[in-house]
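Thanks for coming. Please look at the structure on the screen, and I will then go through it piece by piece.

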Amino acid sequence: MAFDPVSFFGNPANAPPIAALLGWKLLEFDADKGWIKVGFEPKPDFLNPAGLVQGGMLVAMLDDTVGPAVIVASNGQAYTTTIDLHTHFLRPVKLGPITTEATVTRLGRSVAFTEARLFDSEGRLCARATSSASVGPMPGGANA
Amino acid sequence: MPDSHLIRDVFPSPSPSSTSLGFELLALDMKELTTRVRFEGRPEFCNPAGVIQGGYLVAMMDDTIGMLAGMKAGKTKLPSTVDLHTHFLRPVRKGAIEVVARLRNVGRAMLFAEAELYDSRGKEAARSTASLTLNPVLKPAREG
């Protein structure tokens with residue numbers, strides 16, 4: 001059976017605690033292009049002293065986009081462990097719905113390379129990340 | 001430790017992001033420009049592999065660097081993270097986490113910082129370098 005990201009990510013067994021905390025939601029995907037679009041719902045307790053979404057929380061969202069992008073690009077075969085993640089913070093983010101997009105630049109046998117972008121509720125590009133991750137088998141198999 | 005009591009001069013109360021991460025100041029030395037902070041690796045921060053999601057480790061390091069930069073900048077300038085690059089050395093299980101951060105270079109407009117994150121057994125698990133820009137404060141760093 002072909003891998004179905006909608007049923008895979010919709011399965012509560014595949015929804016880690018972190019997804020619930022960040023308000024993670026699959027919006028769109030294209031497995032052939034290794035591309036994924038995700039929605040997040042930041043909570044008021046993500047705010048920094050300036051009343052903006054704390055940068056590390058934005059990184060958590062970017063990290064939680066590049067990992068699923070590899071799952072989609074590999075048809076549910078590969079699970080990633082992040083090796084490095086480099087983020088540029090282009091503009092501050094106020095509380096409100098956030099969308100992210102990630103593309104798998106290269107999916108190798110042992111390492112996956114990804115790029116991600118984060119947009120605020122008005123669709124402005126606010127953060128950009130590049131990441132590498134080691135690739136391993138999906139914990140517990142890829143059954144959706 | 002000598003300067004820990006000064007934190008409330010700049011940050012009257014912990015930010016929502018600090019509170020949700022379980023921020024606890026262990027040491028602060030504004031002569032050496034270094035600090036040590038304890039965080040709580042909570043179950044809800046875990047990813048599908050059952051370890052703390054990498055982005056949350058970044059959030060802890062960003063929170064520590066941001067606090068230290070804020071202490072150096074004082075009330076008239078607000079540090080904003082421009083970029084943050086993290087290497088993830090080993091997975092981190094839930095439990096007590098400590099971050100050590102220091103300011104390496106302090107200019108008029110920019111700060112450069114680095115941080116290491118240690119797991120509950122004291123093993124170095126992640127490492128970050130960051131640059132921050134100093135902006136004039138439009139309103140004082142406000143309470144949570």
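Two strands count as paired if DSSP finds at least two bridges between them. Helices (H or I, at least four residues) and strands (E, at least two) are DSSP runs, numbered from the N terminus. This is a predicted model, so to speak of local features we need pLDDT of at least 70, and side-chain atom pairs count only at pLDDT 80 or more, while totals for chains, interfaces and linings use all residues. Residues are numbered from 1 along each chain as its sequence is written, and chains are lettered from A and ligands numbered from 1 in the order in which they are written.

Now the strands. E3(A) and strand E3 of chain B, residues 77–88, are joined by 5 bridges and run antiparallel. For one of the residues, His88(A), the bridge partner in E3(B) is Asp83(B).

Next, the wider interface. Two residues are in contact if their C-beta atoms, placed from the backbone, lie within 7 Å. On that count, 33 residues of chain A are in contact with 37 residues of chain B. On the chain A side, helix H2 (17–22), helix H3 (55–73) and strand E3 (78–89) each supply at least two residues. H3(A) gives the most, with 9 residues.

What about the core? A nonpolar core is a set of buried Ala, Val, Leu, Ile, Met, Phe, Trp, Tyr and Cys residues joined through C-beta atoms within 7 Å. A residue is buried if 20 or more other C-beta atoms lie within 10 Å of its own, exposed if 12 or fewer, and partly exposed in between; again, C-beta atoms are placed from the backbone. The largest core has 77 residues, of which Met60(B), Met61(B) and Ala113(B) touch the most other members. H3(A) gives the most to this core, with 12 residues. Leaving aside neighbours within four places in sequence, the contacts of Met60(B) include Gly56(A) in the other chain and Leu21(B) and Phe39(B) in its own.

For contrast, take Glu28(A), in strand E1 (residues 25–30) of chain A. Is Glu28(A) buried or exposed? Glu28(A) is exposed, because 12 other C-beta atoms lie within 10 Å.

Last, chain B as a whole. Chain B has 3 helices and 6 strands, in the order α-α-β-β-α-β-β-β-β from the N terminus. Buried residues make up 41% of its 144 residues. The C-alpha atoms of chain B fill a box of roughly 45 × 30 × 25 Å along the principal axes. That is the end of the tour.
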